[in-house]
Amino acid sequence: MNVDGKHFRTIWMNENDERIIEIIDQRHLPHRFVIEQLTTVDQVAVAIKDMHVRGAGLIGATAGYGMYVAALTTETNVSGAKFMEQMAVDGEKLKATRPTAVNLQWAVERQLAAMAAAGDDLSAKIAAAKQTAIDIADEDSDWCRRIGEHGVAIIEEISKAKNGDTVNILTHCNAGWLAFVDYGSATAPMYAAHDKGIKIHVWVDETRPRNQGARLTAWELGQHGVPHTVIADNVGGHLMQHGQVDMVITGTDRTTYTGDVGNKIGTYLKALAANDNGVPFYTALPSSTFDWTMRDGVKEVPIEQRDATEVRTIQGLHEGEIKQVLLTPQDSPAANYAFDITPARLVTGLITERGICDASEDSILGLYPEKK
Ligand code: MRU
């Protein structure tokens, strides 16, 4: 997507030196646009853990490039078996950075399989890792674009039912292009609708504690010219009661093959309010975000607990400088659960790169029969 009129992805290889991976360091947005260079697997692990990059698809793509960097920087004279042992260690290091987004382990496993299949020659393994990293990123972008093509039909239908009046869409957290390589999942149908001239307006939940909605979703919608309004996290239910939300679209960090949606903390409450008010609640995801092994989201999806500092403090711009200030009494403890599960029964539909399905095992496996 565009930043001040110039096209960017969220991650890419340096055009002059392909051993350098470049990312948009999202910790500084929306106030500063900073590009960071990564050349070691340890730097990549820190970038994921400390959320220089975040969001399911981008975490997966970064892990893909992280394994390529790991392959590049191993000793040159190791045997094939020793090399794969080192890759497994580096893969575990990356997987340990963030527990909830399933794209992370999916990308690491895909890289390990690609390198294992590439024969014993070290340069062939490195070439396989590079190509796989590129493939993961390209696929992510392509899948999100296709999510947009499928999802726009739902928005178009609502628009027609409203005789062309503005369609009000509520979203939570950031499942935009900043959470993927390009386009985003939840935002892809919004961008597609806006580009088609369908009138939309997006309610952007601020999304405490890290405020990915207020900081990131608002910024990227603004860059694309999509009308939007940032709201405090607890406003959605009120808006729904007053007919000001036509649909909800969220992203997800892990969705079970039975349709339970793991997403940023607070999503479940939005789904309950949507259900109570008859507002359709959609989740958009590429197939890399399905967990094909998990049946019961509440019991099985690991929920990341992050540092309490994120709850106790808030970051913003003050007199030209990004500052972090204390919100709570100095000694009050805080808890920081980063994700929750929205049970399938509250989800109207899943928008995937293959089309739209119900949040049920039968319907999901109908779209992905090879996973049966
Ligand atoms: O903690 P984050 O920022 O990595 O969380 C991810 C998210 O932004 C959301 O949960 C998002 O809706 C799903 S990721 C596409």
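**Reading the ligand site and the backbone**

Modeller: Gladly. An oxygen atom of the ligand sits 3.0 Å from a polar backbone atom of Gly 55. Keep in mind that this is a predicted model.

Colleague: Which residue has a polar side-chain atom 2.6 Å from an oxygen atom of the ligand?

Modeller: That is Asp 253. To read such a pair, look for N or O atoms within 3.5 Å of each other. As for cover, the ligand taken alone exposes 400 Å², and the protein buries 100% of that.

Colleague: How many residues surround the ligand?

Modeller: There are 16, and the closest are Arg 54, Arg 98, Asp 253, Asn 263 and Lys 264. By type, the shell comprises 6 nonpolar, 6 polar and 4 charged residues. The space that the ligand takes is the largest cavity.

Colleague: Why does the ligand lie between domain 1 and domain 2?

Modeller: Because domain 1 (2-139) and domain 2 (151-371) both contribute residues to the shell around the ligand.

Colleague: Where are the cis peptide bonds, then?

Modeller: One joins Leu 29 and Pro 30, with omega about 10°. Pro 30 belongs to the loop between strand E4 (21-24) and strand E5 (35-38). Another joins Arg 208 to Pro 209, again with omega about 10°. Here Pro 209 is in the loop that runs between strand E7 (200-205) and helix H7 (212-223).

Colleague: And which residue has a positive phi although it is not a glycine?

Modeller: Cys 173, at about 65°. Find Cys 173 in the loop between strand E6 (167-171) and helix H6 (187-195).

Terms used: Residues numbered from 1 in each chain as written. Predicted model: local features only at pLDDT ≥ 70, side-chain atom pairs only at ≥ 80, totals over all residues. Heavy atoms only, no water. Near = heavy atom within 4 Å. Polar contact = N/O pair within 3.5 Å; in protein donor to acceptor, adjacent residues only side chain to side chain. Areas by Shrake-Rupley, 256 points an atom, 1.4 Å probe, with all protein chains shown as cover. 1 Å grid on protein atoms, 1.4 Å probe; cavity = no way out; pocket = protein on both sides within 12 Å on 5 of 7 lines; lining within 4 Å. Sits in = over half its atoms within 2 Å of the grid points. Nonpolar A, V, L, I, M, F, W, Y, C, P; charged D, E, K, R; others polar. Domains from an automatic or database assignment. Helix = DSSP H or I, 4+ residues; strand = E, 2+ residues; numbered from the N terminus.
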